[in-house]
Amino acid sequence: MSRSMLPLKAAQGLGLSGDVGMSHQFRVTIDSGTYDLGTWTKVAGLTVNFGSCQYRCGEDNEMMTFPGNAKYGNVKLARAACSDSQTVQKWLIETARKIVPLSGEIQMINSMFLTVASWELKECYPISWSITEFDAGNSRPALETLELAHTAFLPAELRAGF
């Protein structure tokens with residue numbers, strides 16, 4: 001087997017398809033596409049933690065353990081600043097002071113711009129935006145970061161089962 005086939009074979013051994021690769025980007029839309037925030041190169045914080053709860057019934061010393069409430073982390077997006085940064089600024093101006101949480105979607109797309117996986121953020125809103133300093137003498141692009149808070153990304157029927 002050639003060395004170039006080893007990563008693909010390893011991915012297939014994990015039950016992953018040929019869509020696994022280093023060329024993924026992440027398309028982010030808000031409110032069913034009303035705001036297309038473009039593609040991002042990094043997504044962090046797409047996490048859920050259920051913790052655990054324990055209960056002891058009566059005088060019995062045996063403890064029952066079961067999942068707790070779902071707690072979701074903030075999602076942090078990053079990319080090189082680009083023309084889509086103007087759309088992000090427009091969205092921030094229009095929504096930052098309104099108390100109307102919107103839905104959001106993050107789509108993992110491959111090099112052929114096909115969706116590999118997606119996550120729907122329920123009741124999301126921006127909590128921070130930043131851009132690195134501008135330095136014409138530096139050979140690196142200015143990086144834009146956006147942080148979103150949300151209430152869930154798992155479907156309601158999965159969240160309500162506890």
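Before anything else, one cut-off: buried means under 20% relative accessible area, exposed over 50%, and partly exposed is in between. Keep that in mind for Met64. Its relative accessible area is 45%, so Met64 counts as partly exposed. And a reminder: this is a predicted model.

Stay with Met64. It sits in strand β6, residues 63–67.

Now the aromatic rings. How many aromatic pairs does the structure hold? There are 2. Tyr35 and Trp91 make a tilted pair, 6.5 Å centre to centre, with 55° between the planes. Tyr35 belongs to strand β2, residues 35–40, and Trp91 to helix α2, residues 84–95, so this pair ties together parts 56 residues apart in sequence. Buried or exposed, these two? Tyr35 is buried, and Trp91 is buried too.

Next, Tyr72 and Phe153. Their pair is edge-to-face, with 5.1 Å between centres and 75° between planes. Again, distant parts of the chain are linked: the two residues are 81 apart. Tyr72 is in strand β7, residues 71–72. Phe153 is in the loop between β11 (143–149) and α3 (156–159). Tyr72 has a relative accessible area of 14%, so it is buried. Phe153 has a relative accessible area of 14%, and it is buried as well.

One more ring. Where does the charged end of Arg79 sit? Over the ring of Trp40, 3.7 Å from the ring centre.

Back to Tyr35 for a moment, from the side of Thr29. Thr29 is in strand β1, residues 25–30. What does Thr29 touch, leaving out residues up to four places away in sequence? Tyr35, Asp36, Ser103, Gly104 and Glu105. Thr29 is buried because its relative accessible area is 16%, and the cut-off is under 20%.

Last topic: backbone. Most residues other than glycine have a negative phi. Two residues here deserve a look on screen. Phe113 has a positive phi, near 65°, and is not a glycine. Phe113 lies in the loop between β9 (102–109) and β10 (115–131). Why does Phe113 count as exposed? Because its relative accessibility is 54%, and exposed means over 50%.

Then Glu123. Its phi is positive too, about 45°, and Glu123 is not a glycine. Glu123 is placed in strand β10. With a relative accessible area of 44%, Glu123 is partly exposed.

That's the tour. Questions, please.

Definitions and conventions: Residues are numbered from 1 along each chain as its sequence is written. This is a predicted model: local features need pLDDT of at least 70, side-chain atom pairs count only at pLDDT 80 or more; totals for chains, interfaces and linings use all residues. Side-chain values use heavy atoms; hydrogens and water are left out. Helices (H or I, at least four residues) and strands (E, at least two) are DSSP runs, numbered from the N terminus. Buried means under 20% relative accessible area, exposed over 50%, partly exposed in between (1.4 Å probe, protein chains only). Contact means heavy atoms within 4.5 Å. Rings of Phe, Tyr and Trp (its six-membered ring) pair if their centres lie within 6.5 Å; planes under 30 degrees apart count as stacked, over 60 as edge-to-face and the rest as tilted. A charge sits over a ring if NZ of Lys or CZ of Arg is within 6 Å of the ring centre and within 35 degrees of the ring normal.
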